[in-house]
2 protein chains.
Amino acid sequence: MENFIYDTPTRVYFGIDQEKKIGEILKEYGAKKVLIHYGGGSAVRSGLIGLVEEKLKEQGIAYVLLGGVQANPEIKMVRRGIALCQQEGVDFVLAVGGGSVLDSAKDIANGVANPEIDVWDFSMGKAQPKKTLPKGCILTLAAAGSEMSNSCVITDEETGSKRGYGSPMNRMNFAIENPELTYTVDAYQTACGAVDIAMHTMERYFCPGEDTYLTDALAESVIKSVMKAGTDCLKNPKDYAARANMMWASSLAHNGLTQCGRQFQLVVHQFEHEVSGMYPKVAHGAGLAALWCSWARYVFQANVPRFLQWSKNVWNLDIDFEHPEKTVQKAIDLQEDYYRSIGMPTSLSELGVKEEDLETLAYRCSREKTRTLIGYKPLAYEDILEIYHMAL
Amino acid sequence: MENFIYDTPTRVYFGIDQEKKIGEILKEYGAKKVLIHYGGGSAVRSGLIGLVEEKLKEQGIAYVLLGGVQANPEIKMVRRGIALCQQEGVDFVLAVGGGSVLDSAKDIANGVANPEIDVWDFSMGKAQPKKTLPKGCILTLAAAGSEMSNSCVITDEETGSKRGYGSPMNRMNFAIENPELTYTVDAYQTACGAVDIAMHTMERYFCPGEDTYLTDALAESVIKSVMKAGTDCLKNPKDYAARANMMWASSLAHNGLTQCGRQFQLVVHQFEHEVSGMYPKVAHGAGLAALWCSWARYVFQANVPRFLQWSKNVWNLDIDFEHPEKTVQKAIDLQEDYYRSIGMPTSLSELGVKEEDLETLAYRCSREKTRTLIGYKPLAYEDILEIYHMAL
């Protein structure tokens, strides 16, 4: 087991009507002027933004509004948010939305608190935020896990570069999670969320590490639970239990719990970020579903025992000890079947990715052939390209 | 699923050599004068207290020492600690030890920060601490889970009353967990720890609640992992993987993770606190092992499906659908066999409890016949007495 630091300071208010506490909660955190940051019109149309405004007014807390965050949140919007906060003297950033809104809010909070640094440098790994503004969120989508994670993923819309960075400054002070707020998420986005959550756990599960049987069992629990929840949400979008288990899985999948004692990389995420960076209409979860099985088929021979453990504990397969690779292949097939069962793609071509773009994707994913992705099997440019081809 | 607040602010530094960071960590928290609180001589003899002193000196941090905390920590020691902190102007409390030392340190921190309240009033539920001193710990025993919990259990040595209270003020700011520091814990205390950890999870698991399949799976993971770790630690006390999984299970079992969305009571803990309150030489874990199966046999008919889920998922039993109670009884027998396999008692008489004391225990546990313990089956004085008799 590797040494680790476990640090999940985000206080979660989970359940029905929790968003109605937003005024009192912000008061408790001493907020004087809040940036209310959100995405498209749905948060306005649903009345959620209106509710937040009302609750802040009740507590005498001033605020400014900034909507319009898109999927794959853009650095342009982050810069607008920073300027607005500086101009208005904002001291607290409140994100109302899904992972894109939360990530945009995190980057704004970091940008405001570190005015001497260009905010894109955080994404490019050229600088680390040393301070941040306090921030919280009202979550409306169970997917990215940004509500408890130390992660922030931003896209430079001009170059198509999509870059994530981790930092303790990226932790929300609080997260309000009411599963009912996700009842209106459509089937496709719900399925994308289930994939994203499962993948946050599976990517950690398939990192190098040993003797972490507690962490492994927790990870297997999250994977199985979110797959069940995803299926149930699609059957009945107002199934509270399904929405609730999925939302809580979203937070636990990405807050660090499922990586304790293991090395940490999100390899398939690296593949996917290039795809949705180049094809901005590709939903992150769909991209992951299209890629994961090809990655697994390419690398599993490098650690058959680990994939066997997953085959047994997640897919309840009996291990074929004479031909263990057949058991693993069957489990990967079952994973693929699951993705199809919830309407997710299992190939890049379904997402409109063109064969002639694969070399560019591999070139970018390998950071112009300078980066080898590590894991059970090191993946340099040629490997990355091969996996993109397999996934096509 | 019930609404819940999840709030685990304790930063955990986990792994080999982490205790060597204590000076830097205390510096980061701004400590100027530290109370180093510890138990018997073993922390001194092992050189751990000397190491802490050296690291604090390196950082120019002043400190005072207060050792001598016993198992079932006493309010008398808490009062001594409070007086010492006030006299010396202590601004940070560092506990070096197991759950008893940590609980004593928590109560001292609360007492110092709330001088207008008698500290025993916190234990008696007559007052709640509103403030606290910052505090951290170096853990030397995997058992009580106090390192991440909001719980504090103190005994009034004059009356034999042992009382726990929960408060956000009881959360440690940080916990240093090096599994190697538990290599010298003897077999009996190691087994007591395994029981205590498993029980923190099982008590939550057997609380009322529904639709919490993610939380349930996480709880089952903790229960199975700690039982395996306990067995492995006894086979080889220097098995790092076993000590590490057990230590991490200790923290997760009691930090709130395994209760999310369920009601929360620790019913068998209430039974046990009276036993070790009256018989101070009884180790808490041993008392729990002696009581749990009798409690389970008394109540399981009130929620057979829940006990069946446990029988299947923790004990891998095939359910006998014609006679489901037989499956549950078999699982309880297996739990009892497990306790015996690690050298734990499965009856109160093994702990020296006398039959003539059972009425007093039941009287105290029912708070002079005014309290009914809730759960699948309400337990008033007569029920409590019957369970004590079954456990004798």
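User: Let's start with H7(B) and H8(B). Which residues of H8(B) does H7(B) meet?

Analyst: This is a predicted model, and here is what it shows for that pair. On the H7(B) side you've got B:Ala187, B:Thr190, B:Ala191, B:Ala194, B:Ile197, B:Ala198, B:Thr201, B:Met202, B:Arg204 and B:Tyr205. By class, the contact comes to 15 nonpolar, three polar and two charged residues. The H8(B) residues they meet are B:Asp216, B:Ala219, B:Val222, B:Ile223, B:Val226, B:Met227, B:Ala229, B:Gly230, B:Cys233 and B:Leu234.

User: And are H7(B) and H8(B) roughly parallel or antiparallel to each other?

Analyst: H7(B) covers residues 187–205, and its axis lies 9 Å from that of H8(B). The two pack at an angle of about 170°. Angles over 145 degrees count as roughly antiparallel, so the label for H7(B) and H8(B) is roughly antiparallel.

User: What about H10(B) and H11(B): how is H10(B) oriented relative to H11(B)?

Analyst: H10(B) is residues 267–278 and H11(B) is residues 284–299; their axes come within 9 Å and cross at roughly 130°. That angle makes H10(B), relative to H11(B), oblique.

User: In which hand does H10(B) pass H11(B), and how many nonpolar residues does their contact have?

Analyst: H10(B) goes past H11(B) in a right-handed crossing. Among the residues making the contact are B:Phe271 and B:Val275 of H10(B), plus B:Leu288, B:Trp292 and B:Trp295 of H11(B). Split by class, there are three polar residues and one charged, and the nonpolar ones number eight.

User: Moving on to the two chains, which element gives the largest share of the side of chain B that touches chain A?

Analyst: Overall, 31 residues of chain B are in contact with 31 residues of chain A. On the chain B side, the elements giving two or more residues are E1 (4–14), H8 (213–235) and H9 (240–254). The largest share is ten residues, and the element behind it is E1(B).

User: How many residues on that side of chain B are nonpolar?

Analyst: Sort the chain B residues that touch chain A by class and you get seven polar and five charged. The nonpolar group there has 19.

User: Which residue of E1(B) stands opposite A:Thr8?

Analyst: Strand E1 of chain A, residues 4–14, pairs with E1(B) in the antiparallel sense, over seven bridges. Within that pairing, A:Thr8 stands opposite B:Thr8.

User: Last one: what radius of gyration does chain A have?

Analyst: Chain A has 15 helices and eight strands, and its C-alpha trace spans about 70 × 45 × 40 Å along the principal axes. For 392 residues, a compact globule would come out near 21 Å, and chain A agrees with that at 20 Å.

How values were computed
Residues numbered from 1 in each chain as written. Chains lettered and ligands numbered in written order. Predicted model: local features only at pLDDT ≥ 70, side-chain atom pairs only at ≥ 80, totals over all residues. Contact = placed C-beta atoms within 7 Å. Helix = DSSP H or I, 4+ residues; strand = E, 2+ residues; numbered from the N terminus. Nonpolar A, V, L, I, M, F, W, Y, C, P; charged D, E, K, R; others polar. Pairing = 2+ DSSP bridges. Axes fitted to C-alpha atoms, helices over the stretch in contact; angles between N-to-C directions. Parallel < 35°, antiparallel > 145°, perpendicular 65-115°, else oblique. Left-handed = near helix turned anticlockwise from the far one by under 90°. Rg over C-alpha atoms; globule rule 2.2 N^0.38 Å.
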